[in-house]
Amino acid sequence: MAPANAAAVVHRALLAACLILLVLGGVAAQRGGGECVPQLNRLLACRAYAVPGAPDPSPDCCSALSSVSHDCACTTMGIINSLPSRCNVAPVNCSSA
């Protein structure tokens with residue numbers, strides 16, 4: 001793997017890990033805690049699988065993911081999608097890799 005590609009993979013892995021942590025804190029702040037925080041805390045079982053090149057998720061991760069409610073998942077995605085503009089960084093464009 002070329003050094004530039006390795007750096008890109010590491011950058012994406014760090015971004016994925018940061019997003020998980022931001023989601024856990026961001027949803028708690030926006031929703032005042034509520035039922036979302038425990039659901040998202042269980043997603044920590046998925047942290048090793050949220051990076052490029054990771055193996056298939058464990059049963060614990062899949063169970064945690066399936067327990068996240070629709071409302072909680074949609075709120076979380078909204079927060080993630082709003083982060084780049086709130087941080088004054090360019091949005092992630094996944095169609096141009």
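Student: Why is Cys-87 called partly exposed?

Tutor: In this predicted model, Cys-87 has a relative accessible area of 49%. Buried means under 20% and exposed over 50%, with partly exposed in between, so Cys-87 is partly exposed.

Student: Why are Cys-46 and Cys-61 called buried?

Tutor: The cut-off for buried is under 20%. Cys-46 has 11% relative accessibility, so Cys-46 counts as buried. Cys-61 has a relative accessible area of 4%, so Cys-61 is buried.

Student: How do you know that a disulfide joins Cys-46 to Cys-61?

Tutor: A disulfide needs a pair of cysteine sulfur atoms within 2.5 Å. The S to S distance of Cys-46 and Cys-61 is 2.0 Å, and the pair counts as a disulfide. This pair links distant parts of the chain, with Cys-46 in the loop between H2 and H3 and Cys-61 in helix H3, 15 residues apart.

Student: What is the handedness of the Cys-46 and Cys-61 disulfide?

Tutor: The torsion about its S-S bond is about 110°, so the disulfide of Cys-46 and Cys-61 is right-handed.

Student: What makes Cys-36 and Cys-72 a disulfide?

Tutor: Their sulfur atoms are 1.9 Å apart, and the limit is 2.5 Å. Cys-36 lies in helix H2 and Cys-72 in helix H4, so the pair ties together parts that are 36 residues apart in sequence. Both Cys-36 and Cys-72 are buried. Cys-62 is in no disulfide; the nearest cysteine sulfur, that of Cys-61, is 5.3 Å away.

Student: How do you know that the length of H4 agrees with its 17 residues?

Tutor: At 1.5 Å a residue, H4 should span 24 Å, and its end C-alpha atoms are 24 Å apart, which agrees.

Student: Which residues of H4 are buried, and where do they lie around the axis?

Tutor: Cys-72, Thr-76, Ile-79, Ile-80, Leu-83 and Pro-84 are buried in H4. They cover an arc of only 140° around the axis, so they are on the same side of H4. The face turned away from that buried side carries the exposed residues His-70, Asp-71, Asn-81 and Ser-85.

Student: Why is Asn-88 called exposed?

Tutor: Asn-88, in the segment after helix H4, has 72% relative accessibility. The cut-off for exposed is over 50%, so Asn-88 counts as exposed. Its phi is near 55°, a positive value in a residue other than glycine.

Technical notes
Residues are numbered from 1 along each chain as its sequence is written. This is a predicted model: local features need pLDDT of at least 70, side-chain atom pairs count only at pLDDT 80 or more; totals for chains, interfaces and linings use all residues. Side-chain values use heavy atoms; hydrogens and water are left out. Helices (H or I, at least four residues) and strands (E, at least two) are DSSP runs, numbered from the N terminus. Buried means under 20% relative accessible area, exposed over 50%, partly exposed in between (1.4 Å probe, protein chains only). The expected span of a helix is 1.5 Å times one less than its number of residues. The arc is that of the directions from the helix axis to the C-beta atoms.
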